[in-house]
Amino acid sequence: MMRNELCWCGSGKKYKKCHADFDERLSEMKFDFMRGQVRPPKKLINNAEDIAKVRASGVVNDGTLDLMAELVRPGIDTESLDAAAAEYIRSHGGIPACLHYEGYPKNVCISINDVVCHGIPSKQTILKEGDIVNIDITTILDGYYADASRMFIVGGHTTPEAEKLVRVTRECMERGIEAARPWHFLGDIGAACGAHARENGYSVVTALGGHGVGKDFHLEPFVPHTGKKDTGMLLVPGMILTVEPMINAGKSAVVTDRKDGWTVRTKDKTLSAQWEKTILITETGTEVLSS
Ligand code: MF3
Ligand code: CO
Ligand code: CO
């Protein structure tokens, strides 16, 4: 591309003032195919306008999670939480991304105790004191997706074991995010995340993982929460990903409910926890776009 042409990223700026240096740095990078190192495709690079739109979507998504924090209590059914989340998202101009996504029947996912993820809200599912609950919410605002989840301890108290799992899982996510750096590799995230889980005697779910996000719900790359440093896709400024470790107190195997086709549980019925943030890879590190 010529230096005076408009940049391929859609910024409207001249190439020389936009991604020319970026492309030069990328072309000079050596990729070790034995380590699965690959160049990120251009479609995963978001421009300033794209980023601003995911950031705005994230504000609504975070507000919805804040509302969930106020509503979670012993005795509430998870369908009421689902309805309140949808009402909040829609009244702020957004769309709940999960609704009808690949046939998913509700607005958000609410996963309790041994449910790893994709728990379907229901009038029959009542939260009780001591449950550990993940609420996972994705908002579409002006066509852009922001995806995050938090854990809640129903009634504020649970067993020391469950409390530790919730805390360590959050730390796994944070360590993964700290390990995400521009011009380093995707595998660094999982390496940091997984090491912390195993140091605490936990296992990492590998059947599901994080993902690119922004112009669509689930984009490349798949983000593993365990793995090796310096492997996988190169991380570069403008990429937007989720880091969303699912950590089990017991073994890592999971099973999907055969009746509803969605609910994922630990095979050994031990507790599982998950936290999720949407992050942007910046020139210097990361920016959280939804949490
Ligand atoms: N929010 C989940 C994620 O983190 C995806 C849920 S898909 C649904 O990627 F269909 F189950 F809602
Ligand atoms: Co999510
Ligand atoms: Co996600």
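Guide: A residue is buried if its relative accessible area is under 20%, exposed if over 50%, and partly exposed in between (1.4 Å probe, protein chains only). The model is predicted: local features need pLDDT of at least 70, side-chain atom pairs count only at pLDDT 80 or more, and totals for chains, interfaces and linings use all residues. Residues are numbered from 1 along each chain as its sequence is written, chains are lettered from A and ligands numbered from 1 in the order written, and side-chain values use heavy atoms, without hydrogens or water.

Visitor: Which residues coordinate the cobalt ion (ligand 3)?

Guide: Donors are N, O and S atoms within 2.8 Å of the metal (3.2 Å for Na, K and Ca), and water is not among the atoms, so sites may look incomplete. The donor residues are spaced D-x63-H-x32-E-x31-E in sequence. At 2.0 to 2.2 Å, the ion is coordinated by Asp147 (OD), His211 (NE2), Glu244 (OE) and Glu276 (OE).

Visitor: How many residues apart in sequence are the parts that Asp147 and Glu244 tie together?

Guide: Asp147 bridges the cobalt ion (ligand 3) and the cobalt ion (ligand 2). Asp147 sits in strand 5 (residues 144-153) and Glu244 in the loop between strand 9 (240-243) and strand 10 (246-248), so the pair ties together parts separated by 97 residues. Strands (E, at least two residues) and helices (H or I, at least four) are DSSP runs, numbered from the N terminus. Glu244 is buried at 7%, and the sequence separation is 97 residues.

Visitor: How far apart do the cobalt ion (ligand 2) and the cobalt ion (ligand 3) lie?

Guide: The protein donors of the cobalt ion (ligand 2) are Asp136 (OD), Asp136 (OD), Asp147 (OD) and Glu276 (OE), at 2.0 to 2.4 Å. Asp147 bridges this ion and the cobalt ion (ligand 3), and the distance between the two ions is 3.3 Å.
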